[in-house]
Each structure stands twice: as structure tokens, then as C-alpha cells.
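I opened my notebook beside the model today and jotted down what I looked up. Here are the entries, in the order I made them.

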Amino acid sequence: MTQLLALPFVQRALIAGVLLGALLAVLGIFVVLKRMAFLSDGIAHASLAGVAAGLLANLNPLLMALGLSAVLGALIAWLERKAKIASDAVIGLVFTSGMALGVVLLAFKQGYQPELVTFLFGNILAIQWSELYVMAAFGLAILVFLAASYKKISLMLINQDLAHVSGVNVAAYQTALYVMVALATVLGIKLLGIVLVSALLIMPVTTAKLVSKSFRQLAVYSVIFAELMVLAGLYFSVLFNLPTGATMVLAGMAFFILTFAVQKN
């Protein structure tokens, strides 16, 4: 283990994993409470258009995907309020359109694109310092906003009418929440890939709900389970040369099963 930690790419992966594990676990609480799991999954797949645009224009795919995800998050929140269409239908429209646009754009890019495979399936071991700086900047900004606004957001999730009467700008905070979930989802793509990223939003919180008796405990246990999921997945993937993202998800499922079994006894 000491030898592994001496490797620069493992150090970058560890920093990214700890940071994104905490970020996605905290946001995952709101995702699970508001039943927004399909939103994160839809944004992840739609972000393929941003990745494809970045590769096609020789720009940073991660930054392009982040920009697109912020726009899509705000668009979904706006359509939910204005179009009077079911939330899952709105997300489905954005999901399929973004994915289709990404496929069309990739048709203009000739040759094998190894970076595209990284975004599809994740490879935390390939994270560079420049990407880590982007993750840290966006992650810190999101966590600061959540820390300053979690009471208003929680009230909005519990009862929008009560939140409105209490002076909360429901439309603004709902849009902000959607944008933050979208940004965090894209940041997590480098960790788990487009296919699996929503697992880190859902699994730790779902596991934490089995043993939590208060919102504070839910937040603390969610972060703990997320970090265990990331660290165990990273360790076993490096040790046995396994796909990192998939190993993290399986580790998360193992923690859920173990916690469920212990909690029942």
C-alpha cells in the first residue's frame, strides 16, 4: 500500500476520489430526498454532447461538458415550471437529445478516441493535475453554497409552498440545485464514467438511510460510506488490475448489503 501511494497517478486518484466522494455524497442526499436519481443519470448521458464538442474543437472536454451540464440543469428546471410536463418526461427529452447530439458530433471526429472511453466508463487513475484543479474549484464552490443554503434547500424539498411563504425563492433555489447536481455529475464522470456516475450519488445515501436517525447522521454516514466506496474500489482495482469505476460501484453495493444484513440482526 505504501508503494502504491508513492505513485503520482495514485496520489491524484486518491485526492480526486476523496473530494468527489464527499461532494457527490452530500448532493446525493438532496437527490434521494427529491427523487432526482433520473436527473443525474440523464445529465450524465446528455453530457456526451459536451465531451464530443470538446474533442471535435480540440478544447478541454471536461470544461465543455461542465458548461453544457449547467445549461441543461437550468433548462430542465425551467421546463418543469413552465411546460407543465412531468419531470421524468422533461429529463428524458434532454437525455435522449443530448446523447443523440453527442453521437452525431462524434461522427465528425475520425480515428480512435481514447479520452472518449475514459468519459464513458471512467478512469480515475488517468486524472491529470489540471483536471484535479477544475474538480477542486467547482467542488469547493458547490460545497460552500450548500453549507450556506442547506436549510432553505431542505425546506424547499420538504414543502415548496411553506418555503415560498417563508421567503425562499423556490424557483431560484430549485434551479441552483439542478445546476449543482448537473455539475457534480459531470465532475464524477472522470471517476466512474457516464454509465455509472449516478451510483456515487445514490448508493452512499441509500446505505446511510439504513442506520441514520437524523438528517445530520444521514449527512455524516453518507460521506463516510462514499469515501469507503471510493477507497475500497480504488485499492482493489489497482491491486487486481480491475476497471476502477465498476470496482467502486461493486464496493458500494457490498457495503449496502453488509449494512443491511447487520441492521436487520
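**Helix 11 and its surroundings**

I began with helix 11, residues 198-209: its 12 residues reach 17 Å from the first C-alpha to the last, close to the 16 Å expected at 1.5 Å a residue. That expected span is 1.5 Å times one less than the number of residues. Helices here (H or I, at least four residues) are DSSP runs, numbered from the N terminus.

A note on the source before I go on: this is a predicted model, where local features need pLDDT of at least 70 and side-chain atom pairs count only at pLDDT 80 or more, while totals for chains, interfaces and linings use all residues. Residues are numbered from 1 along each chain as its sequence is written, and side-chain values use heavy atoms, with hydrogens and water left out.

Next I asked how many residues of helix 11 are buried. I found 9 of the 12, so the helix is largely enclosed by the rest of the structure. Buried means under 20% relative accessible area, exposed means over 50%, and partly exposed lies in between (1.4 Å probe, protein chains only). I listed the buried ones as S198, A199, L200, L201, M203, P204, V205, T207 and A208. Their cover includes helix 2 (8-33), helix 3, helix 10 (170-192), helix 12 (215-240) and helix 13 (244-264).

**A208**

I then picked out A208 in helix 11. A208 is buried, at a relative accessible area of 0%. Leaving aside residues up to four places away in sequence, I see A208 touching L218, Y221, S222 and F225; contact means heavy atoms within 4.5 Å. I also checked Q110, 98 residues from A208 along the chain, and the two C-alpha atoms are separated by 45 Å.

**D41 and helix 3**

D41 sits in helix 3, residues 37-46. Is D41 buried or partly exposed? I have it as partly exposed, because its relative accessibility is 22%. D41 and L200 are 159 residues apart along the chain, with their C-alpha atoms separated by 11 Å.

Last, I looked at how helix 3 meets helix 10: their axes come within 9 Å and cross at roughly 55 degrees. That makes helix 3 oblique to helix 10. Axes are lines fitted to C-alpha atoms, for helices over the stretch in contact, with angles running from 0 to 180 degrees between N-to-C directions. Oblique is what remains after under 35 degrees (roughly parallel), over 145 (roughly antiparallel) and 65 to 115 (roughly perpendicular).

Key
Helix = DSSP H or I, 4+ residues; strand = E, 2+ residues; numbered from the N terminus.
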